[in-house]
Amino acid sequence: MYDSTDKPIVAYIAYEPYGIEYLERFIKHYNNFNSGYEHDLLICFKQFENSEKIKKWEKKLSINYLKFDDSNQINDFDIGSYFRIAEKYPDRHILFLDTHTRPNTINWLKIFLNHYSEKKIIGATASYASLSSQFLNFYYTQHSKFQQIRWGLKHLINVKLFPNPHIRTTGFFMKGKDLISLNFNRNKFIKKIETNYFEGGRNGLSNKSIKNGFDLLLVNSDNQLFKIKDWHKSKTFCINNQEKLIFIDNRTEEYSNSSLDVQKKMAKFTWGKI
């Protein structure tokens, strides 16, 4: 159970190149689904050309929030912003949410706090998928088999073969200083593939955390907690109708909008046989 005198922070990345529609959609869901727990909402304004553009977006927001100006000219994706937020609030517990992520159930924050204690990372979605295994098993039909074998072997250096359990970084909860303590080389995050390695790599967030004695846990909208071996029972990401998702994002929507055959393929490469 969460036990802290400080309110948790919900940190959302508002990414200017995508347009204000993503932020407006997040705020709509944020208002429609009560979090169930008092907190500070932090909006991270990322990749804005100048403060005037931020002010234009702010004028459209009728909500209380902490402003975090992350107008770094180098795009290091959501992951870079997560670290800078953690540096500013090292002693706070933070629910990190990427630009695509938005609430899908009531009590969404309370569910995380019901199950949190020190030395834990709690995710809203997770996966056993392996980028290297996907290429080596010809998941990406738009690429030739030769290309996929080559890329699969290349990624194998950084991503172990299936099963490769990891928390998806679209929505996860941990303490700021715990993220910082993992000592990542953040200069690498200017490459998109390095953010993939951060999420599911041999030396990524999940595997480094396990090595440092953290438990990786998954929660669903029924307030159920799942250990790694039971993640596939959660009815969340790429499982059945994903009916127990706490948050939705671009990948959960991709699954929902796909044909049954494509869903079966996505489920197989995410979880194996379930």
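This briefing walks through the pockets, salt bridges, surface patch and backbone details of the structure above. Please keep in mind that the model is predicted. Its largest pocket holds about 1,300 Å³ of space, and the second largest pocket holds about 240 Å³. The salt bridge count comes to 19, and some of those pairs link distant parts of the chain, Glu38 with Lys7 being one of them.

**The largest pocket**

- The space in the largest pocket amounts to about 1,300 Å³, and 44 residues line it.
- Nearest the centre of this pocket you will find Arg168, Lys192, Asn196, Glu199 and Arg251.
- Helix H8 is the top contributor to the lining of the largest pocket, with 6 residues.
- Sorted by class, that lining comprises 19 polar, 16 nonpolar and 9 charged residues.

**The second largest pocket**

- Here the space is about 240 Å³, with 13 residues in the lining.
- Phe184, Lys188, Glu194, Tyr197 and Asn203 are the lining residues closest to the centre of the second largest pocket.
- H8 gives the most to this lining too, in this case with 3 residues.
- The lining of the second largest pocket splits into 5 polar, 4 nonpolar and 4 charged residues.

**Salt bridges**

- Across the model, 19 salt bridges are counted.
- Glu38 and Lys7 pair through their side chains, with an N to O distance of 3.7 Å.
- Glu38 sits in the loop between helix H1 (20–32) and strand S2 (40–46), while Lys7 is in the segment before strand S1 (9–15); the two are 31 residues apart.
- How accessible are these two partners, Glu38 and Lys7? Glu38 has a relative accessible area of 58%, so it counts as exposed, whereas Lys7, at 32%, is partly exposed.
- Asp70 and Arg84 form another salt bridge, at 2.7 Å from N to O.
- This pair connects strand S3 (residues 66–70), which holds Asp70, with helix H3, which holds Arg84, across 14 residues of sequence.
- Are Asp70 and Arg84 buried or exposed? Both Asp70 and Arg84 are buried.
- Asp91 and Lys177 also meet in a salt bridge, with 3.7 Å from N to O.
- Asp91 is partly exposed at 45% relative accessible area, and Lys177 is partly exposed at 40%.
- Shared partners join Lys7, Glu38, Asp40 and Arg92 into one salt-bridge network.

**A nonpolar surface patch**

- Phe138, Ile149 and Leu153 make up a nonpolar patch on the surface, and together they have about 250 Å² of accessible area.
- Ile149 belongs to helix H6 (residues 145–156).
- Why does Ile149 count as partly exposed? Its relative accessibility is 38%, which falls between the limits of 20% for buried and 50% for exposed.

**Backbone details**

- As background, most residues other than glycine have a negative phi, and most peptide bonds are trans.
- Phe162 and Pro163 are joined by a cis peptide bond, with omega at about 0°.
- Pro163 is placed in the loop between H6 and strand S8 (166–167).
- Gln47, though not a glycine, has a positive phi of about 65°.
- The loop between S2 and helix H2 (51–58) is where Gln47 is found, and Gln47 is buried with a relative accessible area of 18%.
- Asn183 is not a glycine either, and its phi is positive at about 55°.
- Asn183 lies in the loop between H7 and H8, where it is exposed with a relative accessible area of 62%.

**A separation along the chain**

- Ser4 lies in the segment before S1 and is partly exposed, at 27% relative accessibility.
- The C-alpha atoms of Ser4 and Asn250 are 32 Å apart, and 246 residues separate the pair along the chain.

Conventions: Residues are numbered from 1 along each chain as its sequence is written. This is a predicted model: local features need pLDDT of at least 70, side-chain atom pairs count only at pLDDT 80 or more; totals for chains, interfaces and linings use all residues. Side-chain values use heavy atoms; hydrogens and water are left out. Patches are made of residues with over 30% relative accessible area and no salt bridge: like charges are joined within 9 Å, nonpolar side chains (Val, Leu, Ile, Met, Phe, Trp, Tyr) within 5 Å. Accessible areas come from the Shrake-Rupley method with a 1.4 Å probe; for residues, only the protein chains shown count as cover. A salt bridge is a side-chain nitrogen of Lys or Arg within 4 Å of a carboxyl oxygen of Asp or Glu. Helices (H or I, at least four residues) and strands (E, at least two) are DSSP runs, numbered from the N terminus. Buried means under 20% relative accessible area, exposed over 50%, partly exposed in between (1.4 Å probe, protein chains only). On a 1 Å grid over the protein atoms alone, a cavity is a set of points where a 1.4 Å probe fits but cannot get out, and a pocket is an open set with protein on both sides within 12 Å along at least five of seven lines; lining residues have an atom within 4 Å of a point. Grid points are joined across faces, edges and corners, and a volume is the space filled by probe spheres set on the points. Ala, Val, Leu, Ile, Met, Phe, Trp, Tyr, Cys and Pro count as nonpolar, Asp, Glu, Lys and Arg as charged, and the others, Gly among them, as polar.
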